[in-house]
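Here's a walk through one structure, with an eye on how its pieces pack. Have the sequence and the 3D view open as you read.

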Number of protein chains: 2
Amino acid sequence: MDMSERKLQILQAIILNYLETAEPVGSRTISRRFLMDLSSATIRNEMSDLEEMGLIEQPHTSAGRIPSSKGYRLYVDQLMKRDSVDDQQVGILMNLLKNKTLQLDSLLKEIGDLLATLTKYTTVVTMPHLKKSALKHLQLMPLDEHSAVLVLVTDGNIVRNHVIPLVRRLEPETMYHISDVLNKELSGLSVTQMDLTLIQKIKRECQVDSEVMESLLNAISDTLQHADDGDVFTSGATNILSFPEFSDIARARSLLEFLGQKDQILHLVNMEDKSTGPGLKIRIGTENQIEQLHDCSIVTANYRYGDRTIGTISVVGPMRMDYKKVVSALEGLMQDFPNLFAPGADPPQITQEDNHGKS
Amino acid sequence: MDMSERKLQILQAIILNYLETAEPVGSRTISRRFLMDLSSATIRNEMSDLEEMGLIEQPHTSAGRIPSSKGYRLYVDQLMKRDSVDDQQVGILMNLLKNKTLQLDSLLKEIGDLLATLTKYTTVVTMPHLKKSALKHLQLMPLDEHSAVLVLVTDGNIVRNHVIPLVRRLEPETMYHISDVLNKELSGLSVTQMDLTLIQKIKRECQVDSEVMESLLNAISDTLQHADDGDVFTSGATNILSFPEFSDIARARSLLEFLGQKDQILHLVNMEDKSTGPGLKIRIGTENQIEQLHDCSIVTANYRYGDRTIGTISVVGPMRMDYKKVVSALEGLMQDFPNLFAPGADPPQITQEDNHGKS
DNA sequence: TGTTAGCACTCCTCATCATTGAGTGCTAAC
DNA sequence: GTTAGCACTCAATGATGAGGAGTGCTAACA
């Protein structure tokens, strides 16, 4: 069976109508609303073909048709046009963000919030992995007899801190000294790049009583190793409850619970999928591995800082999602992303994922 | 109408049965399950009285009775006994927490998570207000040409940080110097205790070019003033969806959305209520001012650090909540709270809210 | 050969109606 | 004061049928 232009039009009509109404679409509706020069009977024949091709399906015999995962996929890949109206919305959003913060993590949270408000779906933002980020500065701060604070700043000005125990009191001056050495040796590196040789070198350079130094370095290395491997920030989760596809409370619950599990989310958005290139990644309905997401679609963008992809911004919604709007919003966002960050921030430049291979 | 012992027994029976089944309780059920020496007819007469007193109500004429807010209130105030089984559970929970962290905020998050798991309800923990906490240490860290990080540590080892812009480059040594002065002058104080005289004094002592100093102090003071006035941490929000009283999706949604609004939550838990003493605060159904909470009950405990009440831990559930379990858990928690924190932490001691006036 | 009108058929939706049963309130007897 | 008995109420359940949206098929048409 060949794929005529007309079939595509009908598929698109079904999808557009279904996105709007969430009701199965009948042949007469299409004939009246979209293709007035064809009778419903003709459209019925075409729909029958489309169903055979697996692009649409029928909830029951005497109902209209709804798009299948495969149908949405075809729509997203071939039929969908970008929307400049949404681009404008993104522009407004970006202006809200500009110069608002010097810190990448708060910026990302703001983006998540605004994107959830704009799209009315749920957004999931993964923060940069500490381990993959380059350290910009690190410092020990005296706290009390038994503890000190280790403060780490990574590129993007993300600050992490951890209280570490001391075997015995250290003078502030000693700490400053150690901090200087640590900084000299470690800044610019990522956690994965730190090895034993480096640690030995630091130990020598500090010239501090080796017992203290030993425990201190252990604590620091512990902190670095166990630092959360990427935080997840979710916004607009309750938006899901407003869609009729989630009026079944059990379904809604299982999805919301899934969205609450950081490790699962991380696993999901970081999952590599050979078929998609560098741009946005769109997963539709049953294309998702995870069962809780079989009724959902997820659009994911990777953001970059410097030359590394370090995190993701995703929009989660029902399969009957306004793909055009979401894709426009995310693409617009990724385009403007580099300009968002600190007007004259030092050397680092956030660059967008280049979209080569896409028109 | 007087309140006989028997009426109380019947009320208690209704409540216990309703907690279990979520179904209106009929006279025959009580006669069979709880008070076998009385006929259903007798119980019916008593129930009629209880209804007239406003302690129970009837969804419709031919249904059993369910407790009213007033009924639960009486139960909570007079009938409910503490439960030692739950105490044991709390004991286990406490052991899980012990020595886990040196930082009050992560400890509180853990508590929230565990309490949500234990009770199967939703927990809401408010973090200490920065403005009310005493500063333990504060420090400026160099970052790059245009910015520095201000790190604040409050009692409880809660670390906050903020990137602040610099009008021009400062040497690390200068920053250390400024930090020392700031520390000397400010540590031990809370934000509310800092005034203009103090700032002037700091300016003099630093002996740094006054333009730089001016902008720096402004930024710091900005940071302190605008520091989030208490963060809110919610755990187990989706538990709500498992209760039949929230099978209506609109109701569930409005509650979940309410729980997502930090400012509203803060307003709620900090609301002073003259009628309750120092111990736990229990708000049942319509006793809550906020409309979204009319079907819910909230049990709130204040935690203290040193001599100040600085935050709250709450459990939110349906009105048909297992008050005994929740109250036992929270009371047990507050009792052990002081022992939880850092084995040999410096001077500060977390003390519990004393329960005088309670048996 | 592609398009369309017509028609029988399917099956969901909704309203109606009767049945059932849990529960009540009242009364009269114990 | 307690209880048995009885009439009554009303939500829940399930059966029934009308209405309607939509389909698939067939036959006629351009």
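Let's start with Gln9(A), which sits in helix α1 of chain A, residues 5-21. Keep in mind that this is a predicted model. Gln9(A) has a relative accessible area of 36%, so it counts as partly exposed. Pick out Pro172(A) as well: it is 163 residues from Gln9(A) along the chain, and the two C-alpha atoms are separated by 73 Å.

**Around helix α1**

Which way does α1(A) run relative to α3(A)? The axes of α1(A) and helix α3 (residues 40-52) of chain A cross at roughly 90° and come within 10 Å. The two helices are therefore roughly perpendicular to each other. On the α1(A) side, the contact is made by Arg6(A), Lys7(A), Ile10(A), Leu11(A) and Ile14(A), while α3(A) brings in Thr42(A), Ile43(A), Glu46(A), Met47(A), Asp49(A) and Leu50(A). Sorted by class, that contact has six nonpolar, four charged and one polar residue.

Ala22(A) is worth a click: its phi is near 65°, a positive value in a residue other than glycine.

Now switch to chain B, where Ile14(B) lies in helix α1, residues 5-21. Is Ile14(B) buried or exposed? It counts as buried, because its relative accessibility is 0%. Leaving out residues up to four places away in sequence, Ile14(B) touches Val25(B), Ile30(B), Met47(B), Ile56(B), Arg65(B) and Pro67(B). Leu104(B) is another matter: it is 90 residues from Ile14(B) in sequence and 41 Å away in space, C-alpha to C-alpha.

Back in chain A, helix α6 (residues 104-119) packs with helix α12 (residues 323-340) at an angle of about 155°, with the axes 12 Å apart. Anything over 145 degrees counts as roughly antiparallel, and α6(A) and α12(A) are therefore roughly antiparallel to each other. The crossing of α6(A) past α12(A) is right-handed. From α6(A), the contact uses Leu104(A), Leu107(A), Leu108(A), Ile111(A), Leu115(A), Leu118(A) and Thr119(A); from α12(A), it uses Lys325(A), Val326(A), Ala329(A), Leu330(A), Leu333(A), Phe337(A) and Leu340(A). By class, these residues are twelve nonpolar, one polar and one charged.

| Helix pair | Angle | Axes |
|---|---|---|
| α1(A) and α3(A) | roughly 90° | within 10 Å |
| α6(A) and α12(A) | about 155° | 12 Å apart |

**The nonpolar core**

In soluble globular proteins, nonpolar side chains tend to be buried together. The largest nonpolar core here has 162 residues, and Tyr323(A), Leu330(A), Tyr323(B) and Leu330(B) touch the most other members. Apart from neighbours within four places in sequence, Tyr323(B) is in contact with Tyr72(B), Tyr75(B), Val76(B), Met80(B), Ile282(B), Ile284(B), Ser297(B) and Ser328(B).

In helix α10 of chain A (residues 249-259), the buried residues are Ile249(A), Ala252(A), Leu255(A), Leu256(A), Phe258(A) and Leu259(A). What do they pack against? In chain A, the partners are β3 (122-126), β7 (232-235), α11 (262-270) and β9 (296-305), and they are joined by α10 (249-259) of chain B.

Last stop: Asn157(B), in the loop between β5 (147-154) and β6 (158-165) of chain B. Its phi is positive, about 55°, although Asn157(B) is not a glycine. With a relative accessible area of 4%, Asn157(B) is buried.

Definitions and conventions: Residues numbered from 1 in each chain as written. Chains lettered and ligands numbered in written order. Predicted model: local features only at pLDDT ≥ 70, side-chain atom pairs only at ≥ 80, totals over all residues. Heavy atoms only, no water. Axes fitted to C-alpha atoms, helices over the stretch in contact; angles between N-to-C directions. Helix = DSSP H or I, 4+ residues; strand = E, 2+ residues; numbered from the N terminus. Parallel < 35°, antiparallel > 145°, perpendicular 65-115°, else oblique. Left-handed = near helix turned anticlockwise from the far one by under 90°. Contact = heavy atoms within 4.5 Å. Nonpolar A, V, L, I, M, F, W, Y, C, P; charged D, E, K, R; others polar. Core = buried A, V, L, I, M, F, W, Y, C linked by side-chain atoms within 4.5 Å. Buried < 20%, exposed > 50% of the residue type's maximum accessible area, 1.4 Å probe, protein only.
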